[in-house]
Amino acid sequence: MKSTTFSAITIFATLATALPAAGNLASRDHVKQVINSSAVVNINEDTPDTALGVSGTGVVSRVNNKHNSQALVKFDFPEGLGGYKCRLAFGNPVRFSGTGEIQVYTIGGANIESATFNQRPFRDQFKGTFRVAGSGEAVVVDGSGLTFDCPAKGAKAYEVVSVGDNNEVVWYAPSGGLRVDVM
Ligand SMILES: *[C@@H]1O[C@H](CO)[C@@H](O)[C@H](O)[C@H]1NC(C)=O
């Protein structure tokens, strides 16, 4: 009896290894709800005191260690997610170049609408790194902080920044870019 169970597990493990795509599909099916961003505000080092306002396009870029554009991205978490896990994910960019690597941080407030490069909620905790490699789902390079207990109803905002130089990632919000999967 015990050895039968063991060989069934072995077969399963072999199948799972042989079919990584099926495994990915299965884990995406566990997403119960997607929370799209409710506001994106780009802040730009070249116009550091100008509030660029809420935009339909997120732009993260850096050229020659300057000209930084960073995107502040807000989510309105609904009520009723207590006990669920939330996971930050990134997909469906419209354009990218360079390494395509971006990092996500929490920021110290959700009041981002009038943020400027010089005046904005402070950058807080590192959440993770993605690499945009095509028009679909970005690759998770460092997922150490991407999954967390879904918060109570309310707004939370994040910052998306470029990793390294001569790099650009652009998305149309809310249909692409940073989102939260509820699992
Ligand atoms: C979130 O964005 C996706 C991709 O565009 C879309 O299919 C989905 O309907 C959106 N969800 C909500 C709740 O707006």
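Which backbone nitrogen does the side chain of T116 reach?

Analyst: This is a predicted model, in which local features need pLDDT of at least 70 and side-chain atom pairs count only at pLDDT 80 or more, while totals for chains, interfaces and linings use all residues. Residues are numbered from 1 along each chain as its sequence is written, and side-chain values use heavy atoms, with hydrogens and water left out.

The side chain of T116 reaches the backbone nitrogen of Q119 at 2.8 Å, which is a polar contact (a pair of N or O atoms within 3.5 Å; within protein, one must be able to donate a hydrogen and the other to accept it, and residues adjacent in sequence count only if both atoms are side-chain atoms). T116 itself is placed in the loop between β7 (101–107) and β8, where strands are DSSP runs of E with at least two residues, numbered from the N terminus. With a relative accessible area of 7%, T116 counts as buried, a word that means under 20% relative accessible area, found with a 1.4 Å probe and protein chains only.

If neighbours within four places in sequence are left aside, T116 is in contact with I43, P48, D49, T50 and A51, contact meaning heavy atoms within 4.5 Å.

Another threonine, T129, lies in strand β8 (residues 123–131), and because its relative accessibility is 6%, T129 is buried. Leaving aside neighbours within four places in sequence, the residues in contact with T129 include E101, I102 and Q103, as well as V139, V140 and V141.

Key: Helices (H or I, at least four residues) and strands (E, at least two) are DSSP runs, numbered from the N terminus. Buried means under 20% relative accessible area, exposed over 50%, partly exposed in between (1.4 Å probe, protein chains only).
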